[in-house]
Structures are given as C-alpha cells and as structure tokens.
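The sequence and coordinates come first, and the description follows.

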Amino acid sequence: MKLVTQTEVLSDRFGDEKAVRIICESGFDGIDFSMFDLDEEPCILNKSGYKNHLKNLINIADSYGVTFEQAHAPFPSAKEDNKEYNDFMFEKLKKAIEVAGILDTKIIVVHPVQFSTDQKERNLELYRSLEPFAEEYGVKIALENMWGVKMIDGNRKIVPNVCSVAAEFNDYFDSLNSSNFTTCLDLGHCGLVGDDAASMIKDMNSRLGCLHIHDNDFIHDSHTLPYTRDMDWDSILKALAEVDYKGNFTYEADYFMKKFPDDLLPSCEKFMHDVGRSMMAKIESYRAAK
C-alpha cells in the first residue's frame, strides 16, 4: 500500500512542478494527478506543450523515487441534452486518459453522470466509449460513488445519486470489462447520502480498486483531513483490513489547506503525510490481528 495525495490545491497555488516537489519532499510514496479546472490555462489539458510538461513532472518525481499512481479526469463528464459540451468534454476525457498513460498511472477516475432517464445505460455507454483509449494507454478507468443536489423546502440538500450505494455501484462495475475498469470508493461521499463507509467497503469487498480518503460532517462535502470531522475512522480502517484491501491509501483531503498562507502549505502537506502513515499502520495492525 502506497501513501498517495492529489495535486489539486498545491497546483492551483504554485503550479504542477512545485506541487509535485512539495508532495515528494513531504514523504508521500505516490501522486494523484488532478485535472479539474478546464477554465484555467495552467490545466494540463489546455497546454500545447503538455508532453514536455509531463516529462518534467516525471523527472521531478523520479528524482525522489516517487511514482504517479492515480489521476482524476475533469468533470462533469457529460451534461444532459448538451451536445456541444459533451463533444468538448469527450475530447478532454480522451486527453486526460492519455496524460494518465504518459505519467504511467494505474488508474484514472472518471465521474458517472446523473441523467433523468436511462441513467445506467447512458453511463455505461459513456464508459464503453472511453474503453479503447484506456486500453491504448494502459490505464484503468475508475467509476466513483456520487451524490446529487435537490431543493427541499427551499433548501439545497445533498441526496443519493448514481452509484451512491454499494449494490448499484457493484452492478455498474459488474456490467463493464474489469480489465479496463475499476472502482474508486469515495469514503466521504458515503455518509453524505446516508450510507456507512465501513459497510460499503465490506459490501464492495474485492471490487474495491482505489479510494478517495477525506473527512466530513455528513452534511458538507468538505474534502478535509481525517479526524477533523465526524467520520468513524476506526471502523473504516478495520473494514479495509477485513476485506484485505490491496490498493493505495489515496487522499482527496487537501481542501483544509486552502486558507493557509503559502509558506505554511509544505507543513500542512507533511502533517497530512504523518496522519496517513498512522492510519496505514492501523490498517496493517488490524490486518495482522485477523
């Protein structure tokens, strides 16, 4: 199991090169490369010289013995009844898969989409349309459990959405070719829709390919550091040991750093590393005690 974190907050603040260097110097084993904000010129998917840029990132990581383990494609992956956006995004998703392949990542997360009708069939069609590119670049596409939004009594509320519960998530995955697809269980998303992260880990069991690890208060998708909100981490770590989880310990928890000044971000990253090492040690202790 490798300790991995995403580049998003650091890249937004400093650019990819410095982000990768800070992550490496903080002691992480691997990097989850974020490709989120398509409105920003610095996004790799908007760079004409992206291959040289990626080569520089690989060289930095190699110098520390760190690998690119995971990537995250931009989202939303599609919009209902918006052909112009969908055609545009399909090309960006293809390029994101190529970027993941160049970085030699094992997995790229591509969000499923909320559709008003034929949701499963339309999502599977989207994923299958991307499958040839995953195969070409040697990357597995990971589905993720999602949440949606609904206005209830005039208030915006988070509600279940596509792949929110284990039975549906498992069904989606089982409908695809496991050679080119896997699952990313976002632990924070579980509680937002009323499910329990530990139970979902057990229900997915061997289908579980990778994780997004972060904490929340079951109301807001905070993407913050474990132990700072309300999730039951002891039960989660025990569940990972119980199912003999083989993937990486991958954070998507760096939003807590956003309000810190630049000079403190390396310290934030190092503390996040230390928390992760402690949690990984607990998983191994629970695994040994089985």
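Leaving aside its neighbours within four places in sequence, which residues is Met 204 in contact with?

## Basis of the model

This is a predicted model, in which local features need pLDDT of at least 70 and side-chain atom pairs count only at pLDDT 80 or more, while totals for chains, interfaces and linings use all residues. Residues are numbered from 1 along each chain as its sequence is written, and side-chain values use heavy atoms, with hydrogens and water left out.

## The chain as a whole

The protein chain contains ten helices and ten strands; helices (H or I, at least four residues) and strands (E, at least two) are DSSP runs, numbered from the N terminus. The radius of gyration of the chain is 18 Å, close to the 19 Å that the globule rule gives for 290 residues, so the chain is as compact as a globular protein of that length. The radius is taken over C-alpha atoms, and the globule rule is 2.2 Å times the number of residues to the power 0.38. Along its principal axes, the C-alpha trace spans about 50 × 50 × 40 Å.

Of the 290 residues, 54% count as buried (buried means under 20% relative accessible area, exposed over 50%, partly exposed in between, with a 1.4 Å probe and protein chains only). The accessible surface comes to about 12700 Å², and 48% of it belongs to carbon and sulfur atoms; areas come from the Shrake-Rupley method with a 1.4 Å probe, and for residues only the protein chains shown count as cover. Among contacts (heavy atoms within 4.5 Å) between residues at least 6 apart in sequence, 74% join residues at least 24 apart.

## Met 204

Met 204 is found in helix H8 and is buried, with a relative accessible area of 0%. Leaving aside neighbours within four places in sequence, Met 204 is in contact with Ala 166, Phe 169, Asn 170, Thr 183 and Leu 185. The C-alpha atoms of Met 204 and Val 243 are separated by 8.9 Å, although these residues are 39 apart along the chain.

## Helix H5

Helix H5 covers residues 119-137, and at 1.5 Å a residue its 19 residues should span 27 Å; the end C-alpha atoms are 27 Å apart, which agrees. The expected span is 1.5 Å times one less than the number of residues. H5 bends by about 35 degrees at Glu 131, and a proline, Pro 132, follows within four residues. The bend is the angle between axes fitted to the seven residues ending at a residue and the seven starting there.

The buried residues of H5 include Asn 123, Leu 126, Tyr 127, Leu 130, Glu 131 and Phe 133. Those buried residues pack against helix H4 (83-102), strand E5 (140-144), helix H6 (166-174) and strand E8 (181-186). Just after H5, Gly 138 takes a positive phi of about 70 degrees.

In helix H9 (residues 233-242), Trp 233, Ile 236, Leu 237, Ala 239, Leu 240 and Ala 241 are buried. Their cover includes helix H7 (187-192), helix H8 (197-204), strand E9 (208-212) and helix H10 (265-289).

The loop between E9 and H9 holds Phe 218, a residue other than glycine with a positive phi near 70 degrees. At 39% relative accessibility, Phe 218 counts as partly exposed. His 223 is found in the loop between E9 and H9 as well; its phi is positive, about 50 degrees, although it is not a glycine. At 7% relative accessibility, His 223 counts as buried.

Ile 44 lies in the loop between strand E2 (30-34) and helix H3 (50-64). Ile 44 is buried, with a relative accessible area of 2%. Not counting residues up to four places away in sequence, Ile 44 touches Phe 33, Met 35, Tyr 50, His 53, Leu 54, Lys 95 and Val 99.

A cis peptide bond joins Phe 75 and Pro 76, with omega about 0 degrees. Pro 76 is found in the loop between strand E3 (67-72) and H4.

## Cysteines

A search of the whole structure finds zero disulfides, a disulfide being a pair of cysteine sulfur atoms within 2.5 Å. For Cys 24, the nearest cysteine sulfur is that of Cys 268, 18 Å away. Cys 24 is buried, with a relative accessible area of 7%. Cys 268 is also buried, with a relative accessible area of 7%.
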